[in-house]
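Hello,

Here is the structure you will be taking over.

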Amino acid sequence: MSAESTEHAISAEFDDDRDDAQNAAEDSSQGAEAGAGKSVSASRLEEEGDVAADYLEELLDIADIDGDIDIEVRNGRTYISIVAEEEAAGLDSLVGPDGEVLEALQELTRLAVLSATENRSRLVLDINGYRAERAGDLQKIAEDAVAAVKDSGEAVALAPMSAYERKIVHDAVADLGLVSESEGEGADRHIVVSAD
């Protein structure tokens with residue numbers, strides 16, 4: 001793959017991550033696939049998982065970090081988890097402060113899949129259950145924002161977060177009966193919660 005096509009792919013990937021509506025539409029369309037199209041998609045996702053697991057296993061070997069890699073395909077996405085049976089400080093270093101290293105590693109893994117398969121990936125990487133724990137935190141953030149909007153009637157802007165995290169908050173706010181939208185660009189992209 002040429003440097004120019006890789007640069008274009010990286011740019012396209014970041015554009016995808018900034019657009020929550022497009023991600024939601026892709027999830028819906030993949031869920032709506034039927035018959036042969038669905039099995040082709042499932043096999044592509046399994047291949048994507050295998051490539052990602054090989055890439056991550058090599059990275060763990062180079063870094064001399066112990067961890068087991070689990071692959072799961074659900075809702076039109078590949079989910080990769082790296083876990084350790086015992087406390088592994090090395091794995092925690094792959095999460096980093098506020099999940100920054102995890103996000104970067106996820107992007108590198110997506111690029112490895114793109115390079116090997118020539119298909120853009122929306123895989124989700126989790127390490128030591130960080131994303132599951134963070135989902136609980138995001139639910140609480142959404143609940144607090146909804147309560148603040150209901151109390152004051154004013155819109156509430158949340159701190160910037162990744163597209164994956166914004167999707168979790170959007171879903172939580174909708175379940176709580178209010179409206180949310182993403183504003184800003186790049187690393188400053190954040191959610192604003194309002195009554196309408």
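Which residue stands opposite Val-124 in β3? Tyr-79 does.

This is a predicted model, in which local features need pLDDT of at least 70 and side-chain atom pairs count only at pLDDT 80 or more, while totals for chains, interfaces and linings use all residues. Residues are numbered from 1 along each chain as its sequence is written, and side-chain values use heavy atoms, with hydrogens and water left out.

Strands (E, at least two residues) and helices (H or I, at least four residues) are DSSP runs, numbered from the N terminus. Two strands count as paired if DSSP finds at least two bridges between them.

Strand β2 covers residues 77–83 and runs antiparallel to strand β1, residues 68–74, with 7 bridges joining them. Among the bridge partners, Asp-68 goes with Val-83 and Ile-71 with Ile-80.

Of the 7 residues in β2, 5 are buried, so the strand is mostly covered (buried means under 20% relative accessible area, exposed over 50%, partly exposed in between, with a 1.4 Å probe and protein chains only).

Helix α5, residues 100–117, contains Gln-106. Gln-106 counts as buried because its relative accessibility is 3%. Leaving aside residues up to four places away in sequence, Gln-106 touches Leu-123, Val-124, Leu-125 and Arg-131, where contact means heavy atoms within 4.5 Å.

Regards
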